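Here is a short report on the fold of one protein chain.

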Amino acid sequence: MAPRPGPLPGGGDDAERRRPGARGMTLEIAGGDAQERLGVALARILRPPAVVWLRGDLGAGKTTLVRGLVRALGYEGTVKSPSYTLLEPYRLAEVDVLHLDLYRLGDPEELEYLGLRDLLTPRALVLVEWPERGGDLLPPADLDLGLEHLPGGRRIACAGPRAGAVLRKLREILAGDSRFRL
Ligand SMILES: Nc1ncnc2c1ncn2[C@@H]1O[C@H](COP(=O)(O)OP(=O)(O)OP(=O)(O)O)[C@@H](O)[C@H]1O
Ligand SMILES: [Mg+2]
């Protein structure tokens, strides 16, 4: 078992905790299995249409989170990051998950060629790794997750219009699981 992440900052008033980017809007996750579990929990919470940005360095755990989410929604195959194809669509029973990895996007204009605009239907759950490379053509985030490394784990800063509601539900769903601090 990986060492637990360091302690969460204490208290702070409620308004401070809700401010996007505030330390109270973070969660900490110990281990890759827990990172997938977080994706499973998000699959229960997020309703399409929704756009989730996954920001963070190489190896920050973005694909791991998507893997948990996509499999929880019923996909039984292998979930790999679309590093070269840039886009991997999963047409599932209730939603269409669009997994983008824009690390190798040469120019934001290439998003046009991917046909993203036509894929943004009311059934779409869009998960974007490296969104900062997408420029203005990328739809804005309903949930903006910033992932960073901790010794033995990861910290995720949550922002965007749905961040507060999503975190509230995550706290309910993941309560009692010692791999999480939230
Ligand atoms: N919370 C976590 N604690 C410890 N290890 C983790 C955690 N989340 C993911 N990992 C591990 O980090 C490694 C890299 O994860 P992943 O491929 O998901 O990163 P990524 O952010 O998608 O990277 P890239 O930008 O290269 O696509 C994997 O081995 C995964 O198991
Ligand atoms: Mg990845």
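## Fold report

In the protein, 68% of the contacts with a separation of 6 or more are between residues 24 or more positions apart. The model is a predicted one. Of the 182 residues of the protein, 41% count as buried.

The protein has six helices and eight strands. Read from the N terminus, its elements follow the pattern α-β-α-β-α-β-β-α-α-β-β-β-α-β.

**The sheet**

Eight strands make up an open sheet with mixed pairing. Their order is E3-E4-E5-E2-E6-E7-E1-E8. Two strands sit at the edges, E3 (87-91) and E8 (180-181), and each pairs on one side only. In general, the strands of a sheet pair through backbone hydrogen bonds, in either a parallel or an antiparallel sense.

| Pair | Sense | Bridges |
|---|---|---|
| E3 and E4 | antiparallel | five bridges |
| E4 and E5 | parallel | six bridges |
| E2 and E5 | parallel | five bridges |

E3 and E4 form a hairpin, with four residues between them. Across this pair, Pro89 stands opposite Leu98 in E4.

Next comes the pairing of E4 with E5, which is parallel. Here His99 has Leu127 in E5 as its bridge partner. On to strand E2, residues 50-55, which runs parallel to E5. Trp53 has its bridge partner in E5 too, namely Val128.

How buried is strand E5? Five of its six residues, in the run 124-129, are buried, so E5 is largely enclosed by the rest of the structure.

**Helices**

Helix H6 spans residues 163-173. It lies across three strands: E1 (26-29), E6 (143-150) and E7 (153-159). Relative to E7, H6 runs at about 135°.

Helix H2 (residues 32-45) packs against helix H3 (residues 62-72). Their axes are 7 Å apart, and the packing angle is about 45°. H2 and H3 are therefore oblique to each other. The crossing of H2 past H3 is right-handed.

Which residues make the contact between H2 and H3? From H2 come Gly32, Gln35, Glu36, Arg37, Leu38, Gly39, Val40, Leu42 and Ala43. From H3 come Thr64, Leu65, Val66, Arg67, Gly68, Leu69 and Ala72. By class, this contact of H2 with H3 has eight nonpolar, five polar and three charged residues.

**A buried leucine**

Leu116 belongs to helix H5, which covers residues 116-119. Is Leu116 buried or exposed? It has 21 C-beta neighbours inside 10 Å, and the cut-off for burial is 20 or more. Leu116 therefore counts as buried. Leu100 lies 16 residues away from Leu116 along the chain. The C-alpha atoms of Leu116 and Leu100 are separated by 9.8 Å.

Conventions
Residues numbered from 1 in each chain as written. Chains lettered and ligands numbered in written order. Predicted model: local features only at pLDDT ≥ 70, side-chain atom pairs only at ≥ 80, totals over all residues. Pairing = 2+ DSSP bridges. Contact = placed C-beta atoms within 7 Å. Axes fitted to C-alpha atoms, helices over the stretch in contact; angles between N-to-C directions. Buried ≥ 20, exposed ≤ 12 C-beta atoms within 10 Å, placed from the backbone. Parallel < 35°, antiparallel > 145°, perpendicular 65-115°, else oblique. Left-handed = near helix turned anticlockwise from the far one by under 90°. Nonpolar A, V, L, I, M, F, W, Y, C, P; charged D, E, K, R; others polar.
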